[in-house]
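Colleague: I would like to go through the labels used for this model, one by one. Please give the value and the cut-off each time.

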Number of protein chains: 6
Amino acid sequence: MADKYEYEYFNVTFPREYVAHVEINRPEKMNAFIENMWLNLSAIFRRLSHDPNVRAVVLSGAGERAFTAGLDVKAASQGMLTRDTADPARAANAIRRHILEFQDCITAVEKCEKPVIAVLHSISYGLALDLSLACDIRLCARNTSFSVKEVDIGLAADIGTLSRLPRAVASASWVKDICLTARVFPASEALQFGLVSQVLDSKTLAVEKGLETAALIAGKSPVAVVGTKEILNYSRDRTVEDGLKYTSVWNAAMIQTQDVKDAMLSGIEKRKPVFSKL
Amino acid sequence: MADKYEYEYFNVTFPREYVAHVEINRPEKMNAFIENMWLNLSAIFRRLSHDPNVRAVVLSGAGERAFTAGLDVKAASQGMLTRDTADPARAANAIRRHILEFQDCITAVEKCEKPVIAVLHSISYGLALDLSLACDIRLCARNTSFSVKEVDIGLAADIGTLSRLPRAVASASWVKDICLTARVFPASEALQFGLVSQVLDSKTLAVEKGLETAALIAGKSPVAVVGTKEILNYSRDRTVEDGLKYTSVWNAAMIQTQDVKDAMLSGIEKRKPVFSKL
Amino acid sequence: MADKYEYEYFNVTFPREYVAHVEINRPEKMNAFIENMWLNLSAIFRRLSHDPNVRAVVLSGAGERAFTAGLDVKAASQGMLTRDTADPARAANAIRRHILEFQDCITAVEKCEKPVIAVLHSISYGLALDLSLACDIRLCARNTSFSVKEVDIGLAADIGTLSRLPRAVASASWVKDICLTARVFPASEALQFGLVSQVLDSKTLAVEKGLETAALIAGKSPVAVVGTKEILNYSRDRTVEDGLKYTSVWNAAMIQTQDVKDAMLSGIEKRKPVFSKL
Amino acid sequence: MADKYEYEYFNVTFPREYVAHVEINRPEKMNAFIENMWLNLSAIFRRLSHDPNVRAVVLSGAGERAFTAGLDVKAASQGMLTRDTADPARAANAIRRHILEFQDCITAVEKCEKPVIAVLHSISYGLALDLSLACDIRLCARNTSFSVKEVDIGLAADIGTLSRLPRAVASASWVKDICLTARVFPASEALQFGLVSQVLDSKTLAVEKGLETAALIAGKSPVAVVGTKEILNYSRDRTVEDGLKYTSVWNAAMIQTQDVKDAMLSGIEKRKPVFSKL
Amino acid sequence: MADKYEYEYFNVTFPREYVAHVEINRPEKMNAFIENMWLNLSAIFRRLSHDPNVRAVVLSGAGERAFTAGLDVKAASQGMLTRDTADPARAANAIRRHILEFQDCITAVEKCEKPVIAVLHSISYGLALDLSLACDIRLCARNTSFSVKEVDIGLAADIGTLSRLPRAVASASWVKDICLTARVFPASEALQFGLVSQVLDSKTLAVEKGLETAALIAGKSPVAVVGTKEILNYSRDRTVEDGLKYTSVWNAAMIQTQDVKDAMLSGIEKRKPVFSKL
Amino acid sequence: MADKYEYEYFNVTFPREYVAHVEINRPEKMNAFIENMWLNLSAIFRRLSHDPNVRAVVLSGAGERAFTAGLDVKAASQGMLTRDTADPARAANAIRRHILEFQDCITAVEKCEKPVIAVLHSISYGLALDLSLACDIRLCARNTSFSVKEVDIGLAADIGTLSRLPRAVASASWVKDICLTARVFPASEALQFGLVSQVLDSKTLAVEKGLETAALIAGKSPVAVVGTKEILNYSRDRTVEDGLKYTSVWNAAMIQTQDVKDAMLSGIEKRKPVFSKL
């Protein structure tokens, strides 16, 4: 069993073998994020990344009302409105540092070596997109309402949506539509354009599907799974030639794993292989 | 109100507050393009880009028969057939200069700081694709027939389709199919593969939807909208890391805008915010 | 007529003018690949690439049971299990050389100047994806079952799937889902997410559709077709600016072709143009 | 002979066959740049780029006191100090547009198809570096004093020095040293670290050497020269693989030139070849 | 005055206004690095990066015998020789995590917003190169002996030398020579090929020169200095076009600084400007 | 001992343990290259790359008169002048194929896993640069005369010089100077700008120095040497971040080598280590 993960605003449990479930837990505020939350989120995922007892992760939101309503604007605006400098350049430098730190916290999810499955439901606005786009697989409940909310509060989304969305979905036209209008769109539209790959009838079923998928992945060789995530992320951003080159170097070490032999033998013997920890 | 825009072959009107409507206007020739038209198109969009009275643009074609039938091949072929050099290298240099200038004119639409919504209908061949792919959002009427026509006249599309299409839609297989066969395909297929993000029942409804979407965008903070377009375009072509870095520098200045405070306050007070010009 | 192509495990025929049909022919082993096969595959496509009698290629699998079941794991594992070195670094170097050579063989299909249409049916696992993703257009029979099988044998797919898939389809979430779970998915799902662009009712109809599409392409100017494939492949991996620049240089020579005049004249005279060989 | 080039603040002459000499001509202000000057500079080089009577260009400064002292700070500061907006985001957008336009003007020198030789002397500060780094070859007189002056007026050089210098010279340590300290350095140091490739004893000799080199280049095939500049610029910024690929496409057209045959024949016949205009 | 920086193995002092001096302090072991040292190094530079009392940093080694002899091989080999896994893939994953963490610590020097001047002397082997190449300016004493030592202990340098050196110096041939032979080379050769930009007669003079240069930089606008470092680092790795674009966005905010007006006014009034903290 | 290498126009010998010496051997024609020679060159280097008896290679030219005078222009021009097509596009395609194949042959030297040391002397024109720039280290005799000759025969160098030179030397200005003027320059200038890293007094001494350097490299761990070459080549073309990432994956396997332990132990025991073959 994995060690205890105790963090304010997050429940971390281990409902299946090698599967962690991270639940955003501030339901009375629709799971809106304050600074401490993204710092904790980052800490959790950095730790899961190297935890040998974890092979796949599910991320969902507590309560019925929201995956997350996004940034806690009231809290954020207080910080924003009380800068201690009148010089626009010094203010800009302070803001840039702040954005980079915030981005790094969300990127910790993408950098987590183990696959992360986001399960969205109900209100999923603003940071809900930034955050779930840093995950590997996105499922949602039929009642999910999505919005890239940022232009409605006067700014361009800066924690990852605008950088990750164009690579993640089916239609550049649709990306521009939802980002420029901030309109709310339903699960069916998210599925149609590939933002999510599956819609389930309720939050409960969606979380269950997420855990099931995580368990399926956790049953595979962790060496193979970690490599698959890493190479897909690397290749997304680079030429095919560079992707192939990186793959060849990666697998030069990884194919030497005992797991290949174990997996092949299990296949022949028609039994479930057991892989050692990573 | 915006200044007068008078250009041959284009109607430029301002049907909603902060919304420009650019109409290709050579309906008797199915809006086919001659050189003067793309020079004018470029001039119009360079001007709209910095026009403080414009926050979103709709681009459509006059008449019922075509958004545009593409390049006016007769006019083009006259230029093409009468080179004044027998040296293939000198001819190549002249052609390269010509292509680069033509590409620049179409790219002016992509570089326009304000979002551009293409509304296609009926015949939309060849340059119709080059042009609408340089726009941000693509809507179409149900009667639209599309074709990447170039291979039918013996050449590879060189004004942008082949560079922009692979990033814009859902299926590499479909991209190759339509570009290599030059076959005509309907609105439903364009929607299925994400080339357009919405199909309307008629040209009138499609233009109306375009104007409505433009008005919706024009009601947002222009600082937020311009940044969202720019960062999405930047990120489309680069690694996620580079996208995030660029975003942090962009927003370091832009978040200092008064618009954020105005938008937040309006949200609290449940009224429509008013943003100053950009 | 084209020269004789005689290769073990592959049937190469010329069922239409300028169309080659390459059939993987090891049906008794479900067309599973042994090393000699990918070496032959590479040789065939390098030759087709420059063969003036070929303008489009169809790739399919012999027999009813499989396009290909993937790597012949039994043969592969023998090679894998009998390394002659105990030093992990020297083993890694040998493996890296092997992967690079194998990748090069599959990339020969992508580098083939002429378009390649993959027609999949029945079992299409593992290498079936690597291989068909190096093709330009993917069609399949309704009975096709797909799987990115590699994690099931303990490794990350290294012959191209992980590098090419993220650029080829509609949904990053779906890419991660199928690559991390190795689950089998049907033709309808492949179509929904754009992996294939068309599903036909049977293998026979799918092959027929492939040949028909190939014949359609083969009727176009080969100069235009080769350029379209090359520029699409180039642009897929680079910025739009770089794509446009490359296009301008490419077409500087190619637009000088006689084919443009022939195609235009045929258009006016409403007859099928005849293009000389490339 | 070439057409008349008449531009305020610039003398454009044609002292050798196919050689243009552009002289910055505001000596009473140490050739400091005001906005009109960079607009003119851009116009001149866009025109020289396509002028068939020009095959190489020399750029120098009039008078004895300076190549250029850089931006006319007094003029610039007036523009800078009188912005008409209090919103830092709107100010930022106006500044960004201004910088991009200014950069484009200097980049026109780099984009000029024909090689440009900068000849520096005496005071060569700030913009002197931005400008000469956009040229192809840099020579200087022994009395030149250089400075990357910008940090001394409170800003990071933004018209090209910081982007071009790291690729142009021998030592990253030296680049940081001169850019971060704004110290004045002599011709000998510019030569030692490769910023210039030759130092001449006086301005007169340096200009003479520039013209001689330009004449030497102007005697070569213009097809070969234009291609050499273009491919070197392209390759500077990209992988070797991409450089090679671009070269192969470029030369596919360019090697067909009559110039190759003329040059070879002249070599055999030991006479100076005559090339037709480009 | 800056806060107290107390770290084992490092002396951090503030010998000039806004100048920090970081001294590697394990002279009895020739300043060889153990894991705790690079963790501390990273902590120090992350803190200096945001410390408003610091505008430039000097990095040198305590004692006469070495800047640093590199990694403490004895300590490193103990870690290396006692892996707790026999599986080469799991070992590889553990090693990769370790290298990435070590690289990040050294990269903290490059990411420090404020310029860092390395002053080398005597033995400067292995990690001495990795570390000083992450600095901005490199000076050395005449008695310095350099070596890219790694191939002598059976491995390719992996903490940054091989990635940063090709961009930092004058000759690809020399880079390969010193990296492949691991030969010791003197200060004169380091200067000849641009690895250092200045050689001083003794360690004392070199440190003095480092502090003087740091003080010179610290007297400039910190907004200008931070921007100059950032843009040079960004541009080193990207195309000129991308460098220019990034610069325009960066300066859109930064030119709004009060420092520009202060610097200009001081220039006119011929007095030293005073800039507020960053 | 290594197997026999017998190739027309090349002498391949093994003068030191693990060192191969490849000599271009057509001295009666000043080692000018005909097509068969570059095909052979490629075959030789592909074989050396994987030959376990080879750890370093020296490349020089037979006879006193030339390293190589470049392409055998007479032979080349015959091919060039007798194209069998009048269509400039079809000619372009044939030329492009030819250039790509020629480039691949020269790139085989760069891709050779083992380091290659070029030793130049006397006439070293045209292809001499393309070829030696694909090598890792460049030495020359004092009597060497260099020229990037291509513009003199009417074309832009297309076999690698223009892509590799800008990354290899100290001064962009000098690169443009020698490429645009085709002037002959001496060994001292090649050293000054870093094209070669050492000049020896005679060809004999230069070859001797080359063999000595090769022997020095051949005495190191082949795992370390191969990795050092590969990572330097990779990093030359990419961002520092990408270089570091690739290095971490590469070394994850390679550090597991027995060579590290052997090298460390030998260091402690002050004896020469013996490494097993790669």
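Predicted model: local features only at pLDDT ≥ 70, side-chain atom pairs only at ≥ 80, totals over all residues.

Colleague: Why is C:Q192 called partly exposed?

Modeller: Buried means under 20% relative accessible area, exposed means over 50%, and partly exposed is in between (1.4 Å probe, protein chains only). C:Q192 has a relative accessible area of 46%, so it is partly exposed. The residue sits in helix α7 (residues 187–192) of chain C. Its C-alpha atom is separated by 10.0 Å from that of C:S171, 21 residues apart along the chain.

Colleague: What is the confidence for chain A?

Modeller: pLDDT is the predictor's confidence in each residue, from 0 to 100. Chain A averages 94, and 96% of its residues score at least 70. The model scores ipTM 0.96 and pTM 0.96.

Colleague: Why is chain A called as compact as a globular protein of its length?

Modeller: Chain A has 11 helices and 11 strands. Its radius of gyration is 20 Å, close to the 19 Å from the globule rule for 278 residues, so chain A is as compact as a globular protein of that length. The radius is taken over C-alpha atoms, and the rule is 2.2 Å times the number of residues to the power 0.38. Buried residues make up 69% of the 278 residues in chain A.

Colleague: How do you know whether A:R96 is buried or exposed?

Modeller: The relative accessibility of A:R96 is 7%, so the residue counts as buried. A:R96 lies in helix α3 (residues 88–111) of chain A. Leaving aside neighbours within four places in sequence, A:R96 is in contact (heavy atoms within 4.5 Å) with residues including B:S248, B:V249, E:E113 and E:W250.

Colleague: Why is helix α6 of chain E called largely enclosed?

Modeller: In this helix (residues 172–181), 9 of the 10 residues are buried, so the rest of the structure largely encloses it. Among the buried ones are E:W174, E:K176 and E:C179. They pack against elements of chain E, including α5 (161–168), and of chain F, including α9 (222–236). Helix α5 (residues 161–168) of chain D is mostly covered as well, with 7 of its 8 residues buried.

Colleague: What makes the phi of A:A182 worth a remark?

Modeller: Most residues other than glycine have a negative phi. A:A182 is not a glycine, yet its phi is positive, near 55°. It lies in the loop between α6 (172–181) and β10 (185–186) of chain A. With 4% relative accessibility, A:A182 counts as buried. In chain E, α6 is followed by E:A182, whose phi is positive, near 60°.

Colleague: And what is the phi of F:M30?

Modeller: F:M30 has a positive phi of about 55° and is not a glycine. Its place is the loop between β2 (19–24) and α1 (35–50) of chain F. The relative accessible area of F:M30 is 23%, so this residue is partly exposed.

Key
Residues numbered from 1 in each chain as written. Chains lettered and ligands numbered in written order. Heavy atoms only, no water. Helix = DSSP H or I, 4+ residues; strand = E, 2+ residues; numbered from the N terminus.
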